Every structure is written in C-alpha cells, then in structure tokens.
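Shall we walk through them point by point?

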Amino acid sequence: MNRTALLASVAVLALVAAGCGSSKKSSSSSSSSSTSSTSAAAPSSTSSSAKAAGAALKLSADPSGQLKFTTSSLSAKAGKVTITMSNPASIQHAIAVEGGGVDKRGPTAGQGGTSTVTVSLKPGTYTFYCPVDGHKAAGMKGTLTVK
C-alpha cells in the first residue's frame with residue numbers, strides 16, 4: 001500500500017510540474033513558482049505609469065526594437081510583486097528588479113516570448129530593467145514604486 005501511495009504522489013507531482021508552463025504558443029519561461037491572475041496592462045506611453053491593485057504587473061519591450069520598455073514607471077502594493085514582460089521585438093530581452101537589497105532577474109525571452117520575475121518588496125523605490133548585456137546602460141529601465 002505504501003508503494004502505491006508513493007507512485008500516486010509521484011504521478012501527481014509530474015502532472016503539476018507539466019501544467020506549470022505557459023498556455024501561449026511561445027518559447028517562454030518563468031522564474032516564478034506561482035502565478036497570479038490579477039494584472040494591470042502597461043500603457044503604451046513611456047512617460048505614463050501602470051498601477052496594480054494587486055501584485056501582478058505587465059509591460060512590454062518596445063516592439064520597434066529600441067532599447068526601452070513601453071512604460072518607464074510601475075507601482076504596486078508592498079508584498080509579493082510579479083512583473084511579466086512580453087517581448088514583441090526581434091532581439092532578446094528580459095525583466096529584472098533591483099534596489100533595497102533586491103537584485104533578481106527573470107529569464108531571457110526571444111521574440112514572442114515572456115520573461116517573469118517575482119520578488120517580495122517592502123515600500124520604497126526600485127528599478128526594473130533589462131539585464132541583457134548593454135540594455136540597461138542604453139536606457140532600458142524604469143522606476144517601480146512600492147507603497
């Protein structure tokens with residue numbers, strides 16, 4: 001009986017692990033171990049901000065191939081914050097967050113993919129940026145305000 005329970009547990013874990021991928025047809029990956037259905041779409045202007053009622057934020061790399069995001073500021077409530085960046089550009093990009101002792105990077109995503117990073121944040125100001133070599137220095141970054 002113990003062997004049967006062990007095999008059933010292994011089968012359930014395998015199914016859970018297989019179900020953690022994206023439902024979109026893209027070559028994306030995520031460093032987050034959980035997902036959230038609450039999100040706020042990022043505006044298309046680089047001078048405006050996106051504000052989430054929860055802790056899930058979305059933004060996009062500039063589709064024209066310029067080294068910038070579609071927004072330069074984001075805000076969220078303190079706690080677990082997940083940022084998902086979609087990449088419509090032909091060059092690779094990723095999303096990362098730094099500041100206040102935090103420095104966490106999401107996976108690099110090619111065209112059509114996504115990069116996700118999840119961090120626990122206290123109130124304060126952080127920087128979100130693209131960690132691909134040279135992109136942050138070229139201006140692919142913004143401000144994340146946590147209240």
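1. A charge sits over a ring if NZ of Lys or CZ of Arg is within 6 Å of the ring centre and within 35 degrees of the ring normal. In this predicted model, Lys136 meets that description: Lys136 lies over the face of Tyr129, at 4.5 Å from the ring centre.

2. Now for ring against ring. The structure holds one aromatic pair. Its members are Phe69 and Phe128, with 5.5 Å centre to centre and 50 degrees between the planes, a tilted arrangement.

3. Strand 3 is worth a look from either side, as both of its faces are covered. Ser73 and Ser75 are buried on one side, and Leu74 and Ala76 are buried on the other.

4. Which way do strand 3 and strand 9 run relative to each other, parallel or antiparallel? They run parallel, and four bridges join strand 3 to strand 9 (residues 141–146).

5. Lastly, please have a look at Thr118, in strand 7 (residues 114–121). Thr118 counts as buried because its relative accessible area is 11%, and the cut-off for buried is under 20%. Its side chain makes a polar contact with the side chain of Thr82, at 2.9 Å.

Methods:
Residues are numbered from 1 along each chain as its sequence is written. This is a predicted model: local features need pLDDT of at least 70, side-chain atom pairs count only at pLDDT 80 or more; totals for chains, interfaces and linings use all residues. Side-chain values use heavy atoms; hydrogens and water are left out. Helices (H or I, at least four residues) and strands (E, at least two) are DSSP runs, numbered from the N terminus. Buried means under 20% relative accessible area, exposed over 50%, partly exposed in between (1.4 Å probe, protein chains only). A polar contact is a pair of N or O atoms within 3.5 Å; within protein, one must be able to donate a hydrogen and the other to accept it, and residues adjacent in sequence count only if both atoms are side-chain atoms. Rings of Phe, Tyr and Trp (its six-membered ring) pair if their centres lie within 6.5 Å; planes under 30 degrees apart count as stacked, over 60 as edge-to-face and the rest as tilted. Two strands pair if DSSP finds at least two bridges between them.
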